[in-house]
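The sequence and structure come first.

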Amino acid sequence: MTEILAADKHPNLQYIRRALQRCKGFGLYFARCNTPSLRDELVATLKENLTAPIVELTLSPENDIFIDVQMAQLLETAPENAIVFIYDIEKLFYVENRHLLAELNWRRGFYGRMNHPVVFWLPEFLLVELFQNSPDFMDWRSGVYEFSLPQEQKQSLANTTWQTANENFVEQLTLKEKERWILNLQNLLAELDDEQSKTKSELLNRLGLLYGSLGKYDKALACYQQNLVIQQSNGDKQGEGATLNNISQIYKVRGDVNSALRYLEQSLKVRQDIGDKKGEGATLNNLATTAHARGDYDSALRYLEQSLKIRQDIGDKQGEGATLNNISQIYDARGDYDSALRYLEQSLKILQDIGDKKGEGTTLNNISQIYDARGDYDSALRYLEQSLKIQQDIGDKQGEGATLNNISQIYNARGVYDSALRYLEQSLKIRQAIGDK
């Protein structure tokens, strides 16, 4: 009864069951399944309807033993007709120095010599990677079976995933959490169809942010460009303005300032055309930071003053605080520490008033740098300690890593090298943990 019900929703289930039932000796099968919940349902049904026993191997990034060796160990005590189900191979894909695709190509012969049917349960993105980059391994395949969620479950899963991710979620994640989110979003995107383009657009944006935070700029750019096509097709001008802005930041971090400016100018035009004042203020702010990076302080200040006026006009207090902070950095770069400090104090008051803890921590950090530049190390350290406490309280790992680094420089300037080294080691550990290259 379970098989009949499941086969109703998933016709390929009966085909993979028959193939496994008839397989004598080695066979290499791939079950494309993008969500663990669906996989568990399908596996449970197969267990009920296969006469041959199933042995299961769940892979873990912490285990660096070759997959075929793990499988051989598992089969030492298994019946001769056992079928091997392998799960979570996608979790090895991002492990540094694992070289998963090369491993499968190189060691493909070991799977055949074990003389058992093997089923890899994996998401679509990895199946595509295997076809493209492990052709020798994939040539041995006996069958590929694709399973998808019913439409109502897709939408429910999309909504749940989207609601879980708040606006600043990327900055709060550890490296492992980011990798898990990337897998979740890739798997979900593979399940969505063209009718769910708005959800795809939102998830592509999140995926781009995650890749960017890990320094995987090519992948981030690919997500944003795919998103841009969707938004332009849908006439989503607000989304288009935001994505053009995001693309500009990828080029900026790569040092391609001309391309960054080109995308920012496109973003600015779109946002001005539709009257998106908040977006316009954000883009002007980014135009300023890009001009700042070129050493063009006059243009940077001009953009920031335009941004500040817009943000004050629309009552965007968080944006106003951020812009005042950025204006301070222009004066800091020019050596006008009094003006820099005045803008930072205005920024700090606004951010404290609205309860923007992350912004407050950043601004306290920037204030410390003014005192550091003046040689007032006691004041600099006091502001850094305040900043550090806030960042630790709210889980701002990126900010915490930066502040620990700045604290180390105070001790270094004082000649207290043991303390400087201790803070640097703490900073390094955090930045490695979150993948802040």
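## Basis and terms

Helices (H or I, at least four residues) and strands (E, at least two) are DSSP runs, numbered from the N terminus. The model is predicted: local features need pLDDT of at least 70, side-chain atom pairs count only at pLDDT 80 or more, and totals for chains, interfaces and linings use all residues. Residues are numbered from 1 along each chain as its sequence is written, and side-chain values use heavy atoms, with hydrogens and water left out.

## Positive phi in two loops

Asp88 lies in the loop between S3 and helix H5 (100-106). Its phi is near 65°, a positive value in a residue other than glycine. Asp88 is buried at a relative accessible area of 10%; buried means under 20% relative accessible area, exposed over 50%, and partly exposed in between (1.4 Å probe, protein chains only).

Asn115, in the loop between H6 and strand S4 (117-122), also is not a glycine and has a positive phi of about 60°. With 47% relative accessibility, Asn115 is partly exposed. As background, most residues other than glycine have a negative phi.

## Strand pairing

Strand S2 (residues 54-58) runs parallel to strand S3 (residues 83-87), and five bridges join them. Two strands count as paired if DSSP finds at least two bridges between them. Within this pairing, Glu56 is opposite Phe85 in S3. Between S2 and S3 the chain passes through helix H4 (residues 67-75), giving a right-handed β-α-β crossover. Right-handed here means that, with the strands pointing away from the viewer, the path from the first strand over the helix to the second runs clockwise.

## Salt bridges

A salt bridge requires a side-chain nitrogen of Lys or Arg within 4 Å of a carboxyl oxygen of Asp or Glu. The model holds 24 salt bridges by this rule. Glu56 takes part in one with Lys47, where the closest N and O atoms are 3.0 Å apart. Lys47 is partly exposed at 41% relative accessibility, and Glu56 is partly exposed at 35%.

Lys269 and Asp273 form another salt bridge, at 2.9 Å from N to O. They are four residues apart in helix H14 (residues 257-274), which means a separation of about one helical turn. Asp273 is exposed, at 54% relative accessibility. Arg311 and Asp316 are bridged with 3.8 Å between the closest N and O atoms, and both residues are buried. Asp88 returns in a salt-bridge network with Arg39, Asp40 and Lys91.

## Aromatic rings

Rings of Phe, Tyr and Trp (its six-membered ring) pair if their centres lie within 6.5 Å; planes under 30 degrees apart count as stacked, over 60 as edge-to-face and the rest as tilted. There are 15 aromatic pairs by this rule. Tyr111 and Phe137 are edge-to-face because their planes meet at 65°, with ring centres 5.6 Å apart. This pair links distant parts of the chain, 26 residues apart: Tyr111 is in helix H6 (residues 108-113) and Phe137 in helix H8 (residues 135-138). Both are buried.

Tyr331 and Tyr343 make a stacked pair, 5.5 Å centre to centre with 10° between the planes. Tyr331 belongs to helix H17 (residues 317-333) and Tyr343 to helix H18 (residues 337-354), so the pair ties together parts twelve residues apart in sequence. Tyr331 and Tyr343 are both buried. Ring pairs also join Phe30, Tyr111, Phe120 and Phe137 in a cluster.
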